[in-house]
Amino acid sequence: MDKASRKKESRSESKQNGSDSASGATLGGPSLYLVATPIGNLEDITLRALRVLKEVDLIACEDTRQTLKLLSHYGIQTRLVSYHEHNEMTKAAELVVNLEGGAKIALVTDAGMPGISDPGFRLIALAIRHHVPVIPIPGASAFLAALVASGLPTDSFRFSGFLPSKSGQRRKLLESVKGTPRTQVFYEAPHRLLETLADVGEILGPDRHVVVAREVTKLHEEFLRGRVGDILKELKSRGDVKGEITLLIAKAEEGAAPSQAETVSVAQRVREVMASEKTDEKDALKKVAKERGIGKSEAYREWQREK
């Protein structure tokens with residue numbers, strides 16, 4: 001097939017599946033458009049995204065007030081409907097009914113790409129099951145922006161969304177990436193960042209390299225790069241941490257020394273804590289369980305077996 005024929009066939013397929021890829025084209029048939037929106041700077045939106053937001057029949061958004069700021073900035077008056085984590089179970093079905101009735105709907109979140117640590121999965125999956133075309137309109141993404149500017153390897157990485165809010169679950173996850181051969185990327189709440197960095201230092205070692213990307217694309221954008229122990233010390237000196245946070249953890253270095261928590265048995269570590277901190281068995285077990293990311297009952301069983 002020659003180049004002209006391939007181009008003609010591609011345009012034909014795009015028309016059939018509702019794509020609007022041709023420059024200046026109006027939108028096709030009923031489709032769900034996943035539209036990326038700015039993560040801080042209102043200029044970080046594509047021309048295609050603006051056109052889609054103008055031409056769809058309805059915009060389903062996480063917070064109508066937040067989306068209205070963006071639409072007002074660009075003079076877009078498309079009707080809005082609320083779609084968020086608290087109503088998506090019922091709202092997804094309603095929106096698919098509209099799509100099957102011929103509507104063209106854009107899905108947006110407060111910032112970034114719909115479905116990435118934000119509502120959207122249920123609606124997207126339901127639309128696909130009902131054979132409604134789902135069309136991505138790519139754009140800004142906080143974790144990708146942080147990753148490419150981090151200085152850490154990008155040839156292999158894993159994005160895992162928000163870290164668990166509970167300490168035990170978070171520490172267990174960190175244990176699982178201790179020997180990772182790839183860059184690990186997480187979102188974290190600012191009020192938990194210091195505790196999380198302390199966990200990273202204890203479990204992965206104070207010399208593990210990390211990057212804290214804060215307020216990416218916003219006025220006070222900042223990247224803190226270095227050993228986790230140094231970054232933690234710097235942030236502690238500032239007081240409260242504010243802003244949206246992306247935490248990146250470098251892959252394990254070959255030949256890196258294991259952390260203290262993994263070089264001794266539970267029983268030995270409990271005795272060390274009791275001696276060094278002048279604490280009782282119960283508190284020592286609690287601390288060791290936290291270090292290892294395991295439950296207190298599991299730590300107690302190991303302690304009894306090894307006594």
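User: How do strands β8 and β10 pair?
Analyst: Strand β8 (residues 209-214) and strand β10 (residues 245-249) are antiparallel partners, joined by five bridges. Strands here are DSSP E runs of at least two residues, helices are H or I runs of at least four, and both are numbered from the N terminus. Two strands count as paired if DSSP finds at least two bridges between them. This is a predicted model, where local features need pLDDT of at least 70 and side-chain atom pairs count only at pLDDT 80 or more, while totals for chains, interfaces and linings use all residues. Residues are numbered from 1 along each chain as its sequence is written, and side-chain values use heavy atoms, leaving out hydrogens and water.

User: Which residue in β10 is opposite R214?
Analyst: That's I245.

User: What sheet are they part of?
Analyst: An open sheet of five strands with mixed pairing, in the order β6-β7-β10-β8-β9. At its edges are β6 (157-162) and β9 (222-227), each pairing on one side only.

User: And what is the order in the parallel sheet?
Analyst: That open sheet has five strands in the order β3-β2-β4-β1-β5, paired in parallel. Its edge strands are β3 (80-82) and β5 (134-137), and each pairs on one side only.

User: How many bridges join β2 to β3?
Analyst: Three bridges join β3 to strand β2 (residues 58-61), and the two run parallel.

User: Switching to the surface: which residues form the positive patch?
Analyst: K282, K286, K290 and K296 form it. Patch residues have over 30% relative accessible area and no salt bridge, with like charges joined within 9 Å and nonpolar side chains (Val, Leu, Ile, Met, Phe, Trp, Tyr) within 5 Å. Areas come from the Shrake-Rupley method with a 1.4 Å probe, and a salt bridge is a Lys or Arg side-chain nitrogen within 4 Å of an Asp or Glu carboxyl oxygen.

User: Which helix gives the most to that patch?
Analyst: Helix α11 (residues 281-292), with three residues. K286 lies in that helix.

Methods: Lys and Arg count as positive and Asp and Glu as negative; His and the chain ends are not counted. The place of a charge is taken as NZ of Lys, CZ of Arg, CG of Asp or CD of Glu.
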